[in-house]
Protein chains: 2
Amino acid sequence: METKERILLTALRLFNEEGEPNVTTNHIADEMDISPGNLYYHYKSKNDIIWQLFLRYEIKIKEVLTIPDVENTTMKDMWLYLNLVFDVIVEYRFLYRNLIQLMNRIEFLKRHFRRILALKSQTALDILKQLQSLKILKADAATCANLADQIALTATFWLNYSVAIFDDSFDEQKKLSHGIFHILQMISPFLDKQQKDLLDQLSREFLT
Amino acid sequence: METKERILLTALRLFNEEGEPNVTTNHIADEMDISPGNLYYHYKSKNDIIWQLFLRYEIKIKEVLTIPDVENTTMKDMWLYLNLVFDVIVEYRFLYRNLIQLMNRIEFLKRHFRRILALKSQTALDILKQLQSLKILKADAATCANLADQIALTATFWLNYSVAIFDDSFDEQKKLSHGIFHILQMISPFLDKQQKDLLDQLSREFLT
């Protein structure tokens, strides 16, 4: 693998494990056993590395947020879909842990992330409307709009919230499953009985 | 005012304005025109200052989260109450902007903040139950529990979310009002018609 690519992968791992503010470019070079000069030959600053990682994250999250039209959607599909979204968030979790500082530090990142958040709300709204047209979900327009924003907010901050509320020994995958079910439970009051039961069954399967 | 107190107030202002990671103890001493040695005479580290500020925040937020039993609760009361909660959060916003890092850095803060979050959920649940017993709100137990957690999560991360989604020129107070109405709209589908109308009227009054 080329040095340029190895730098990105090493930085991503260190940022995720130790928190981006605690990792310097020297730290990354040292971990790879290359000279700081060699690293600077490829990337002129830490912000440059963060920006390149962000661009990869952006491609992946946009892919996941482009949903296909479906003829059938059950709570099981929704659960699987939210798992895909959370997988991308977990892979680039350093961005979410430190979002406000990074947005203030890197102007491009702020503008791009803002658009991703708008896209998250829009995708959530599109899915809710699909569920409505399939007669699975029943809610007025104002409720759907508010639920969509709430889903975007929760998907964005669930990782931070789970760090804050759960004991450190609590299993990582369990934390995510709780987040996904938390989102699904938000729409639960507006579901038909069959899908509500399916959701209860799924939550027994995956949360215990 | 004593130097010890002035240090805390200066630190709080700088942390809020410039972000806690960007403010050093030297920076605080310089802003006050005292020597770093004088500052260290009162506080042995930046974490020590943060901890003292946290203790003040903790007293204020606990005061606000201790709700009196009321015989009458309208959406107007709820709106005023959420304003009180958000006022404390805004006063100590540096804690919320940087929560995960601070919790990882200061073990005491992690344990205390975890308890505050649990208290936020519990208070939200108590209020929802009061609204139920007043027959203003109608929702099953699972919905109430989920709403309470969702209210705690939103109150905790709304400031960060609003920085992320709103244009920088957007008025600070408007951002907060949006957060408060976002929370009230979450319970809106479960309200009786009178309170739902009152909520719509309030939102026209304060969001436009």
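"Buried" here means under 20% relative accessible area, "exposed" means over 50%, and "partly exposed" is anything in between, using a 1.4 Å probe and protein chains only. This is a predicted model: local features need pLDDT of at least 70, side-chain atom pairs count only at pLDDT 80 or more, and totals for chains, interfaces and linings use all residues. Residues are numbered from 1 along each chain as its sequence is written, chains are lettered from A and ligands numbered from 1 in the order in which they are written, and side-chain values use heavy atoms, with hydrogens and water left out.

View 1. Start with Arg114(A), which sits in helix 8 (residues 107-133) of chain A; helices (H or I, at least four residues) are DSSP runs, numbered from the N terminus. With a relative accessible area of 17%, Arg114(A) is buried. Leaving out residues up to four places away in sequence, Arg114(A) touches Met103(A) as well as a run of chain B residues, including Val163(B), Ile165(B) and Asp168(B); touching means heavy atoms within 4.5 Å. Look for Ala164(B) too: its backbone oxygen lies 3.0 Å from a polar atom of the Arg114(A) side chain.

**View 2. Arg56(A) meets Glu5(A).** These two form a salt bridge, with the closest N and O atoms 2.7 Å apart. The pair ties together distant parts of the chain, since Arg56(A) is in helix 4 (residues 46-65) of chain A and Glu5(A) is in helix 1 (residues 3-18), 51 residues apart. A salt bridge here is a side-chain nitrogen of Lys or Arg within 4 Å of a carboxyl oxygen of Asp or Glu. Arg56(A) counts as partly exposed at 30% relative accessibility, and Glu5(A) is partly exposed at 26%.

**View 3. Arg56(B) meets Glu5(B).** Over in chain B, Arg56(B) and Glu5(B) make a salt bridge whose closest N and O atoms are 2.7 Å apart. Again the partners come from distant parts of the chain, helix 4 for Arg56(B) and helix 1 for Glu5(B). Arg56(B) is partly exposed at 30%, and so is Glu5(B), at 25%.

Conventions:
Helices (H or I, at least four residues) and strands (E, at least two) are DSSP runs, numbered from the N terminus. A polar contact is a pair of N or O atoms within 3.5 Å; within protein, one must be able to donate a hydrogen and the other to accept it, and residues adjacent in sequence count only if both atoms are side-chain atoms.
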